[in-house]
Amino acid sequence: MSESKRILIVGGVAGGASAAARARRLSESAEIILFERGEHISFANCGLPYHIGEVITDRKKLLIQTPEAMQKRFRIDVRTFTEVVRIDPEQKQVVARNVKTGEEQVEAYDALVLSPGAAPIRPPMEGIDSRNVFTLRNMADMDAIKKVVDTEKPSNTVVVGGGYIGLEMGEAIRERGLGVTMIELAQQVMGPADPEMAALLHQQLQLHGVDLRLGVSVAAIQEEENGLSVKISSGDTVSCGMVVLAIGVKPEVTLASDAGLKIGERGGIVVDRHMRTSDPSIYAVGDAVEVTDFVTGASTLIPLAGPANRQGRIAADNIFGRDSVYKCTQGTAICKVFDLAIGMTGASEKVLKRAKMAYEKVYVHPSSHAGYYPGAAPLTLKVLFDPQSGKLLGAQAVGKDGVDKRIDVLAVALRAGLTVYDLEEMELSYAPPYGSAKDPVNYAGFAAANVLRGDVGIFHIEELDAEDPAKLIVDVRTPKEFGTGQIPGAVNIPVDDLRERLDELPRDKEILAYCGVGLRGYLACRILSQNGFRCRNLTGGMTTYKAAAGKLPKLEPEKKTVTPAVDVASGVDAASEIKLEVDACGLQCPGPIMRLAQEIQKINPGEALSITVNDPGFASDVGGWCHSTGNRLVSVKPANGGIQAVIERGQETAGAACSEPSAACKDKTIVVFSNDFDRAMAAFIIANGAAAMGSRVTLFFTFWGLNILRKNEAVPVQKNLVEKMFGWMMPRGAEKLQLSKMNMGGMGLLMMKDIMRKKHVATLPELIESAKQNGVKLVACAMSMDLMGIKREELIDGVEEGGVAMYLDHAEQGRVNLFI
Ligand code: FAD
């Protein structure tokens, strides 16, 4: 090992500073000179947007190393404001120029490391050099942008590009209370992710008031008296006080190419596994080099800090004779977009398609941690894998919490060559605040391995064709969920009813089942396939469908400076009409919708209420509910980590049961025959859901079902001996019912009630009460009452007596008739 080497390093940030520090650790006698043309070395470029957004308030914290500290600790000769302008590989010399004085110096090297990074792209367009048009790469750029934000407070900023930097800048400026228009040429933000994953970000951006324009580009920028005017390809003009260009970066290769070093097809410096360029004495690292994609094996550009740092270290190792190897780039990355994070590792579906590699994919939507522990939020996880071996090819995740942990676990699994079967077996840390006994990673493994083992067939949104006569699409969610929006052509048979309703399904067609997130669809497929049907389940369910099919409702931008929300579409200020504030936080689906349906009855048509929830699915559901109940969704916006919606009551039925029979009413009749606790719960959940969707609902209680309606306390009534005995043996009221299965002498029931309480599911008496309030008709079968010796006085208030004619009359008017 030649320890007295002279090492020159070009570029003093991620890759360059890492190479310099590692070189010193390996050799105390080496002479190390670090050239940086800017003022600072080793600054946290990844933290720049957060200082603009004033999340990182102390600017100094971004300066991780100063030239003085680097000199003191590592004895590195740091030359800032010094640009290396030429390399002479023959002479092993560089020419470095002081950018302030123009003075040049020639320095010889034994080994040269290039880490010049990548420069933000500034397209040649009209007005690109106008005042207040910025890119963001270094501290100076950050200072310039922050100064405009601090002093001029532009009411609108146009952020061009929806990649990492564009998204972070959009958030930073919104967090400062200023308007943002984001212009993105593609149909999605966050290009490395697949579109259905990015769609979740679109909604998040809209929810936070970013005016997102997809599929358009900037044509020209013009300086005007009061700011800038940005012309976009759609023909629109956007006024703003500042433009931030974040449309990508280009490797800085001029120095290398002028020196005759090999440049690759993607425009980066070509290096081998030791980070050595085509000249054996010159190494190159970081954003300027082409890397090999870990999954596809193709040459690519992946400008990320982690690879740059590791490559700097590897270059230094090799300079000092260590055989360190850089083993490709996976593209593991994460980005915060307001309340969401998006993370990814390995290949995306787009990349796999381009590389013509075979793959299968699953989506799961588990909770970030145990649902009963506060703060749990859904996580959308997509896992791509080899359809033969199950080997992992890539993963993407979007969610409020726990995205980093899952993507990092999957990144390690992918790097280790693991399969989806290995994900099933992974033992990951668990306590309720952090995870679940079945972690989302295990869960993705189960879903994928089920497919490979043939336990369930899956299908994807791309395969849906409502017109295909050989297939029947079956929605196995509850009627309430079905009512909030469904896949065109689907019929609704809730999974819990499926076994009893098999004869409604055609045996000559393939059943395409789906539910909310894929779990009940899987259960339905297991039931169907064991009953001789051909069936496949929609992976990711309706949640993925909405994102992939562009069905996520577009949320109107909220103006940050105006609260409560303004309906931008109509220009109506909802604030003046909000008559009722409803706090539905802590309620789980369908709780918030049910609460909304109840509360809206308290206001008059034309008035509005505001409801706050922390179930993220509400943002999507509330639009469907309003649509199907004739109410108007005025706005949806983020509020204290949850969602606040403003809804104006419509002129007619407004979310409750119809008061009069009419063609518009979607009547539903449920015969409640059983007095099992779980069946009674199901009956009342469906009834409440249907009533919340504006249906007129009749529950017809017959035989054992009558016991649900009995008062808890004994009522003195005249009965003969047989009637008395019947009365003693049967459960008296909703509190006394038993589970149909796993009752275990009441233990199972207690456990079930405990889980329900923790998950904020309403109790059966509460559901009965809210059904009554929602206008659900409770009818006790007069004939069964007589047979079983149940007297009118024994029943709870609000129950009507009726006969079979009354039941049939209601059933014939309705479109749904269930037997429970
Ligand atoms: P750089 O860190 O860019 O350093 C190159 C340096 O070389 C520059 O300072 C330049 O002035 C200097 N230089 C160039 N040519 C010469 C020359 N001829 N002579 C002397 N000096 C020269 N990555 C992530 O993984 N996560 C993130 O969250 C993230 N956020 C980011 C946010 C922003 C705003 C930016 C700009 C980047 C972000 N990145 C992030 C990317 C990450 O910072 C880069 O991948 C990484 O810094 C690349 O390191 P590098 O050494 O190749 O180049």
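How many residues lie between β5 and β6 in their hairpin, and which residue in the turn has a positive phi? Five residues lie between the two strands, and Gly 102 in the turn has a positive phi of about 80 degrees. The model is predicted.

Strand β5 spans residues 93–98 and pairs with strand β4, residues 82–88. The pairing is antiparallel, over six bridges. Asp 88 stands opposite Gln 93 of β5. The hairpin of β4 and β5 has four residues between the strands. There, Lys 92 takes a positive phi near 55 degrees.

β5 also pairs with β6, residues 104–108. This pairing is antiparallel too, with five bridges. Val 94 has Glu 107 of β6 opposite.

## The parallel sheet

An open sheet of five strands runs in the order β9-β16-β10-β11-β12. Its pairing is parallel. The edges are β9 (133–134) and β12 (211–214), each pairing on one side only.

β9 joins β16 (residues 242–245) in the parallel sense over two bridges. Val 133 has Val 243 of β16 as its bridge partner. Helix α4, residues 139–152, packs on this sheet and touches β9 and β16. The direction of α4 makes about 150 degrees with that of β16.

## The mixed sheet

A four-stranded open sheet has the order β31-β32-β34-β33, with mixed pairing. Two strands pair on one side only: β31 (578–583) and β33 (632–639), the edges. Neighbouring strands are turned by 20 degrees against each other on average, direction ignored.

Inside the sheet, β32 (residues 608–613) and β34 (residues 642–648) run antiparallel and are joined by six bridges. Leu 609 stands opposite Ile 647 of β34. Helix α16, residues 591–599, lies across β31, β32 and β34. It runs at about 160 degrees to β32.

## Nonpolar cores

In soluble globular proteins, nonpolar side chains tend to be buried together. Here the largest nonpolar core has 61 residues. Ile 611, Trp 625, Ile 647 and Phe 684 have the most contacts inside it. Helix α18, residues 677–692, gives the most to this core, with 10 residues. A second, separate core has 50 residues, including Ala 19, Leu 26, Ile 33 and Leu 114.

Phe 684 touches Leu 699, Phe 701, Ile 708, Leu 764, Leu 767, Ile 768, Ala 771 and Leu 778, leaving aside residues up to four places away in sequence.

## Ala 691 in α18

Is Ala 691 buried or exposed? Ala 691 sits in helix α18. It counts as buried because its relative accessible area is 1%, and the cut-off for buried is under 20%. The C-alpha atoms of Ala 691 and Ser 770 are separated by 10.0 Å. Along the chain, these two residues are 79 residues apart.

## Helices α1 and α8

Two packed helices are described by the angle between their axes and the distance between the axes. For α1 (residues 14–26) and α8 (residues 305–319), the axes come within 7 Å and cross at roughly 35 degrees. The crossing is right-handed.

On the α1 side, the contact is made by Ala 14, Gly 15, Ser 18, Ala 19, Arg 22, Ala 23, Arg 25 and Leu 26. On the α8 side, Ala 308, Asn 309, Gly 312, Arg 313, Ala 316 and Asp 317 take part. By class, the contact has six nonpolar, four polar and four charged residues.

Conventions:
Residues numbered from 1 in each chain as written. Predicted model: local features only at pLDDT ≥ 70, side-chain atom pairs only at ≥ 80, totals over all residues. Heavy atoms only, no water. Core = buried A, V, L, I, M, F, W, Y, C linked by side-chain atoms within 4.5 Å. Buried < 20%, exposed > 50% of the residue type's maximum accessible area, 1.4 Å probe, protein only. Contact = heavy atoms within 4.5 Å. Axes fitted to C-alpha atoms, helices over the stretch in contact; angles between N-to-C directions. Left-handed = near helix turned anticlockwise from the far one by under 90°. Nonpolar A, V, L, I, M, F, W, Y, C, P; charged D, E, K, R; others polar. Pairing = 2+ DSSP bridges.
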